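Please look over the sequence and the model below. The report that follows takes up helix packing and then aromatic rings.

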Amino acid sequence: MEAEQREYIERLYSRLFYQLKVYAMSNLGNEALAEEAVQETFRIACSKPADLLASPNPIGWIINTLRYTIRNTKRSCANAEKLLRAYQA
């Protein structure tokens, strides 16, 4: 990742973290999972900086990525609960 890309992502992170965390908390109902989802969203952004910067709406790109991350987190939690129930039975 180039320095300019890193700085841009850092600015987005600083600007959006709280709002994204609140959004994630409203969907996940857990502060720790919400924070983890936001961190994962920015990890993805760091792994695809060219896609983020090429987007006509970088904030929308981040929000969509967070939505997908929340969906995957919910799926993982549901699978873990299902597995736990199976072991308890």
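## How two helices meet

Within what distance do the axes of helix 2 and helix 4 come, and at what angle do they cross? The model is predicted. In it, the two axes come within 9 Å. They cross at roughly 130 degrees. Angles from 65 to 115 degrees count as roughly perpendicular and those over 145 as roughly antiparallel, so helix 2 is oblique to helix 4. The crossing is right-handed. Helix 4 covers residues 58–88, and helix 2 covers residues 31–47.

## Who makes the contact

Helix 2 brings Leu33, Ala37, Val38, Glu40, Thr41, Phe42, Ile44 and Ala45 to the contact. Helix 4 answers with Trp61, Ile62, Thr65, Leu66, Thr69, Ile70, Thr73 and Cys77. By type, the residues of this contact divide into 11 nonpolar, four polar and one charged.

Take one of them, threonine 65. Its place is in helix 4. Is threonine 65 buried or exposed? Its relative accessible area is 10%. Buried means under 20%, so threonine 65 is buried. Leaving aside residues up to four places away in sequence, threonine 65 touches Thr41 and Ile44. Both Thr41 and Ile44 are listed for helix 2 in the contact.

## Aromatic pairs

How many aromatic pairs does the structure hold? There are two. A pair of rings is described by the distance of the centres and the angle of the planes.

## A link between helices

Tyrosine 13 also pairs with phenylalanine 42. Here the centres are 5.0 Å apart. Why is this pair edge-to-face? The planes are at 85 degrees, and over 60 counts as edge-to-face. Tyrosine 13 lies in helix 1 and phenylalanine 42 in helix 2, so the pair ties together parts that are 29 residues apart in sequence.

Tyrosine 13 is partly exposed, at 27% relative accessible area. Phenylalanine 42 is buried, at 4%.

## Putting it together

Tyr13, Phe17 and Phe42 form one aromatic cluster.

Key: Residues numbered from 1 in each chain as written. Predicted model: local features only at pLDDT ≥ 70, side-chain atom pairs only at ≥ 80, totals over all residues. Heavy atoms only, no water. Phe/Tyr/Trp six-rings, centres within 6.5 Å; stacked < 30°, edge-to-face > 60°. Buried < 20%, exposed > 50% of the residue type's maximum accessible area, 1.4 Å probe, protein only. Helix = DSSP H or I, 4+ residues; strand = E, 2+ residues; numbered from the N terminus. Axes fitted to C-alpha atoms, helices over the stretch in contact; angles between N-to-C directions. Parallel < 35°, antiparallel > 145°, perpendicular 65-115°, else oblique. Left-handed = near helix turned anticlockwise from the far one by under 90°. Contact = heavy atoms within 4.5 Å. Nonpolar A, V, L, I, M, F, W, Y, C, P; charged D, E, K, R; others polar.
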